[in-house]
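Please look through the model shown below before reading on. The paragraphs that follow lead from single strand pairings to whole sheets, then to the cores and to the packing of helices.

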Amino acid sequence: MARNLPIPAPGVLSDEWTIVTPRQLARAGPSARDRKTYVAETGPAGRRSHPLSAIAELVGDLREYRYLLYQLTLRDIKLRYKQAVMGFVWAIFMPLLIVGSGVLVRYAMAYLSGEQFDPAIISGLALKSIPWAFFVGSIQFASGALVGNINLVTKIYFPREVLPISATLAQAFDSAIGALALVVVLPFLGIGLSAASLWALPLTLCLALFTVGTALLVACANLFFRDVKYIVRVLLTFGIFFTPVFFEPAMFGSIGTQLMMLNPLAPILEGIRLAVVEGHDLLRSLVDPRGVVVWSPWYLAYAGGWALGIAAVGVALFHRLEFLFAEYI
Amino acid sequence: MVNDVGITAEGIWKKFQRGEIHDSLRDMIPALLRQVGGRGPRSGELGERDFWALRDVSFAVKAGEALGIIGPNGAGKSTLLKLLSGILRPNRGRLQINGRLRALIEVAAGFHPDLTGRENVFLNGAILGMRGNEVAQKLDLIVDFSGIEPFLDTPVKRYSSGMMARLGFSVAAHMEPDVLLVDEILSVGDLAFQKKCHDHMRSLTAQGVAVVFVSHNLASVAQLCPYTMVLAEGRSQFLGDTVEAERHYVSLVRAARTQTQVSLVLEDFEILDEERRPKSVFRAGEVCRLRATVRANSSFSQFSLGVSLAVPSGDEVFHTTSYRLDGSTVDLEAGQTAMLEARLILNLAGGDYTVFLQCHDYAEVPRKRSEICRFDAGRLQVPAIPEYGGVAFLDPVLDLAVRTDDGSGSPDRELRGSGGMLQG
């Protein structure tokens, strides 16, 4: 058996081996996904050909690795409820605390301004507490998602996006339980669902996109700089004062409202409250008796723009830096 | 369609940085921005603190072939595996993988200690790239293969490390790859489990999987791979037949060792027969004498010489020193020479043996670290005897008979077979 191991000379290579470019990959269908060519120099076969292709590749990767995404999400959910005191109460613990704090703050405000405390605001607080808890929880879990799985990141190949996204999905599971509880409770708070309530759905989608984008960015940043986790924790702790959770932006007057609504989460939270609690159609502006513009349809576009923008930037940046993770972690 | 499954690596270079990667934000942010902008320092220029972990490595593995990669620690084996699996990207060169690539690297890496064995099987299966209900369908096979069924619903944090490794390998073994990367993991578990793993890998190759097997265990590479690449200091030193590669590797390791042996010089070494005539081929059971002269360039207070014999894979079959045998050591001044004559009965199986001369200084505490150096002194050969197998020659006498009721067939008489060379 005097067979020699075939080492193709550079020129001969293309005869024996098909060089597949990403464009050909897309045309050849799923079976060709298993062909990978890495060329070090930037060229037509390189992965960095088009910025938008990052998103297309992410969607493809997620479809291919959806089972992994499912399993990792399941793992994160199980771990939260294993050997835990609270169990499923945890899912509504944080929203309850937020509502409790909100009631305190609003009671104090009402007392100082000499008004009667209006129990109706509890429904608004409860409604905002769940998306806010979702955002905070997701970002907190996602910030450690890459560094906490250092074993996997340095040893095994899979699209790394799966890790922060599964952290977000696990948090979404908790929030879904909270939301279910809320749906049961809302009628007792005197809130009937109207057609306008449906606006909550696209706004939730915006929130999801914005959260996933931020989660990718934060996970990635924390891999390169370990203190990002602490910075994020501080920002999230005090973020509740810069986001209209406890209060409505309109309380700050005309300019105050506009400034408040610059926070990408503000139009999402406020929009959900207006649509569900007040039954307001978000395509129409809302001006309160003092002449403050409480809602303008542009806020919808603003929220959507942020959601899409952050998601795109997050995916593109993450995708570009992904193969440096094992080296820099 | 032509089965073009396999890996081609063409002139792969990979660099790393020594020390902390970035001292400050000031270095790092520009570096990252260049990466994002696609103008990163990927082109093959070496920076101030960079070094090449891999230099110009090329090879190809096709369907049904198994390539072994051996090399000392730090040769670049793991880096190469990471490049192949897609975790890292090369700085120069082209790497092409055709087919479903799966890696048997750190098979228990995806395990979470708080989850049960069963939950971890599903999780790990997904991490290793299995799809949908593939794991569910194979669960029974996986559990069978691992042999840990009674503990399947116990959290793996209560497993022994061996159980964990076995479960991990069992999951990994049920992937259906076209291209498989294997790293060292066959050293987990007991002998029976290792054999299972070897058999499994052989069957994969037979099914047309292209296998790359990275190890520094020569014996397991030799068992699995007809071709081997020797990697040292990031370069491919040899690529070809495994037997050749082994020889190359052993001499490489030896060369690295002799560089440190400045304080002792092996002046003379002879392999002789009983009557002190030079000889290199011995029958099993024959007497062999080894004579060595060593000159010291520095002084040693409890100096002792010893010999050891090893098979080509590097496994030692025998070793001793004068100190261990009867406690004898010598006081050696700088410039003096020490002489040793050893008499051995070569009760060895047929094969090639490397003779090493070991130099010890037993003044060294702890004694286990007494070895100063060893010289690769010579070779001797014992021709294979078709009647025997194994690693040693035990001068056998076997008596076989059918037992009858009157006891006439009882094996109480001495029967001399083809053995008994010493007496014969």
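Two strands are said to pair if DSSP finds at least two bridges between them. The model to which this criterion is applied here is a predicted one. In chain B, strand β12 (residues 300–310) and strand β16 (residues 351–361) are joined by 8 bridges and run antiparallel, and within this pairing B:Ala310 stands opposite B:Thr354 of β16(B). Strand β16(B) also pairs with strand β17 (residues 371–382) of chain B, again in the antiparallel sense, over 10 bridges; here B:Gly351 has B:Val382 of β17(B) opposite to it.

Another antiparallel arrangement in chain B is an open sheet of 3 strands, which follow one another in the order β10-β11-β15. Its edges are formed by β10 (264–273) and β15 (337–345) of chain B, each of which pairs on one side only, and the twist from one strand to the next averages 15°. Strand β11 (residues 287–296) of chain B is joined to β15(B) by 9 bridges, the two running antiparallel, and B:Arg289 stands opposite B:Arg343 in β15(B).

Which strands of chain B form an open sheet with mixed pairing, and in what order? There are 6 of them, arranged as β5-β6-β7-β3-β8-β9. The edge strands are β5 (101–104) and β9 (235–241) of chain B, each pairing on one side only, and neighbouring strands are turned against each other by 15° on average when direction is ignored. Within this sheet, strand β6 (residues 179–183) of chain B pairs with strand β7 (residues 210–215) of chain B in the parallel sense, over 5 bridges, and B:Val182 has B:Phe213 in β7(B) as its bridge partner. Helix α2 (residues 77–85) of chain B lies across β3 (66–70), β5, β6, β7 and β8 (227–232) of chain B, and α2(B) runs at about 155° to β6(B).

When residues up to four places away in sequence are not counted, B:Phe213 touches B:Ala66, B:Gly68, B:Ile69, B:Val182, B:Val221, B:Leu224 and B:Cys225. The largest nonpolar core has 157 residues, of which A:Ala219, B:Val211, B:Val212 and B:Phe213 touch the most other members. Helix α9 (residues 200–224) of chain A gives the most to this core, with 16 residues. Apart from this core lies another, of 23 residues, including B:Cys288, B:Val294, B:Ala338 and B:Val355.

Taken as a whole, chain B has 9 helices and 17 strands, and 37% of its 424 residues count as buried. Among contacts in chain B between residues at least 6 apart in sequence, 71% join residues at least 24 apart. In chain A, the secondary structure comes to 14 helices and 3 strands, while buried residues make up 40% of its 329 residues. For chain A, residues 24 or more positions apart account for 74% of the contacts with a separation of 6 or more.

How do two of the helices of chain A pack? Helix α3 (residues 53–64) of chain A and helix α13 (residues 298–321) of chain A meet at an angle of about 85°, their axes lying 9 Å apart; α3(A) and α13(A) are therefore roughly perpendicular to each other, since angles from 65 to 115 degrees are counted in that class. On the side of α3(A), the contact involves A:Ala54, A:Ile55, A:Glu57 and A:Leu58, which meet A:Ala312, A:Val315, A:Ala316 and A:His319 in α13(A). The residues of this contact divide into 6 nonpolar, 1 polar and 1 charged.

Is A:Asp174 buried or exposed? A:Asp174 counts as buried because it has 25 C-beta neighbours inside 10 Å, where the criterion asks for 20 or more. Leaving aside neighbours within four places in sequence, A:Asp174 is in contact with A:Trp90, A:Ala91 and A:Gly137. The C-alpha atoms of A:Asp174 and A:Ile77 are separated by 8.3 Å, although these residues are 97 residues apart along the chain.

How values were computed: Residues are numbered from 1 along each chain as its sequence is written. Chains are lettered from A and ligands numbered from 1 in the order in which they are written. This is a predicted model: local features need pLDDT of at least 70, side-chain atom pairs count only at pLDDT 80 or more; totals for chains, interfaces and linings use all residues. Axes are lines fitted to C-alpha atoms, for helices over the stretch in contact, and angles run from 0 to 180 degrees between N-to-C directions. Helices (H or I, at least four residues) and strands (E, at least two) are DSSP runs, numbered from the N terminus. Angles under 35 degrees count as roughly parallel, over 145 as roughly antiparallel, 65 to 115 as roughly perpendicular and the rest as oblique. Two residues are in contact if their C-beta atoms, placed from the backbone, lie within 7 Å. Ala, Val, Leu, Ile, Met, Phe, Trp, Tyr, Cys and Pro count as nonpolar, Asp, Glu, Lys and Arg as charged, and the others, Gly among them, as polar. A nonpolar core is a set of buried Ala, Val, Leu, Ile, Met, Phe, Trp, Tyr and Cys residues joined through C-beta atoms within 7 Å. A residue is buried if 20 or more other C-beta atoms lie within 10 Å of its own, exposed if 12 or fewer, and partly exposed in between; C-beta atoms are placed from the backbone.
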